[in-house]
Structures are given as structure tokens and as C-alpha cells.
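Thanks for making time this morning.

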Amino acid sequence: MQKPRIMRIWLGGLVAIGVGLLVLLVGLGLMLGLSGTWRGPSNSVTFAPRYDAFFWATAAMMVTGGSTLIGGAITQCV
């Protein structure tokens with residue numbers, strides 16, 4: 001392979017890691033912030049999710065972000 005192609009692949013993997021991490025964290029924040037209730041006293045708090053469409057959409061966001069992150073990491077190793 002030529003150097004410019006290797007550099008584009010490496011930068012693409014780096015971008016994929018960043019985008020995947022961002023999507024994963026946004027999905028996690030939305031799930032924990034808007035898709036359930038927090039219960040319990042201040043020293044023992046638990047999260048009780050509502051299993052509705054929004055919950056599953058945020059779960060799908062996290063899976064997509066994690067998969068993209070892993071793909072970017074594999075690309076970095078190649």
C-alpha cells in the first residue's frame with residue numbers, strides 16, 4: 001500500500017473511534033437521564049428503566065456506537 005492510503009485508513013479509524021465513543025456516551029446519557037426513574041435513599045440509589053421504545057432506541061444507539069468504536073480500533077491496529 002502507498003503511504004497516502006495508509007494514512008487515510010488510519011485517520012478513518014481514528015474518526016470512527018471518536019464518533020463511536022460520542023454516540024455511545026450520548027445514548028448512555030439519554031438512557032440514564034430520560035428513560036427511567038432513580039429510586040432509593042442517597043446512599044443506595046438504583047435505576048429502574050421503563051422498557052418503552054425510547055429505552056430500546058437508546059440501547060440500539062449504544063450498541064451502534066460500541067460497534068463503531070470497536071471497528072475503528074481494529075482499523076487502527078491494521
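How many residues does helix 2 have, and how far does helix 2 reach from its first C-alpha to its last? Before I answer, a word on the source: this is a predicted model, in which local features need pLDDT of at least 70 and side-chain atom pairs count only at pLDDT 80 or more, while totals for chains, interfaces and linings use all residues. Residues are numbered from 1 along each chain as its sequence is written, and side-chain values use heavy atoms, with hydrogens and water left out.

To the question, then: helix 2 has 25 residues and reaches 36 Å, close to the 36 Å expected at 1.5 Å a residue, where the expected span is 1.5 Å times one less than the number of residues. Helices here are DSSP runs of H or I with at least four residues, strands are runs of E with at least two, and both are numbered from the N terminus. Helix 1, for its part, has 32 residues and reaches 46 Å, close to the 46 Å expected for it.

How do these two helices pack, at what angle and with their axes how far apart? The angle is about 160° and the axes are 7 Å apart, the axes being lines fitted to C-alpha atoms over the stretch in contact, with angles running from 0 to 180 degrees between N-to-C directions. Helix 1 and helix 2 are therefore roughly antiparallel to each other, a label used for angles over 145 degrees. By class, their contact has 20 nonpolar, 10 polar and no charged residues; Ala, Val, Leu, Ile, Met, Phe, Trp, Tyr, Cys and Pro count as nonpolar, Asp, Glu, Lys and Arg as charged, and the others, Gly among them, as polar.

Within helix 2, the buried residues are F55, T58, A59, G65, G66 and G72, buried meaning under 20% relative accessible area with a 1.4 Å probe, protein chains only. What covers them includes helix 1 and strand 2.

Take T58, which is buried with a relative accessible area of 1%. Leaving aside neighbours within four places in sequence, T58 is in contact (heavy atoms within 4.5 Å) with G27, L30 and M31; of these, G27 and M31 are listed among the buried residues of helix 1.

G72, also in helix 2, is likewise buried, with a relative accessible area of 1%. G72 and V15 are 57 residues apart in sequence, and 7.5 Å apart in space, C-alpha to C-alpha.

Note on methods. Buried means under 20% relative accessible area, exposed over 50%, partly exposed in between (1.4 Å probe, protein chains only). Angles under 35 degrees count as roughly parallel, over 145 as roughly antiparallel, 65 to 115 as roughly perpendicular and the rest as oblique.
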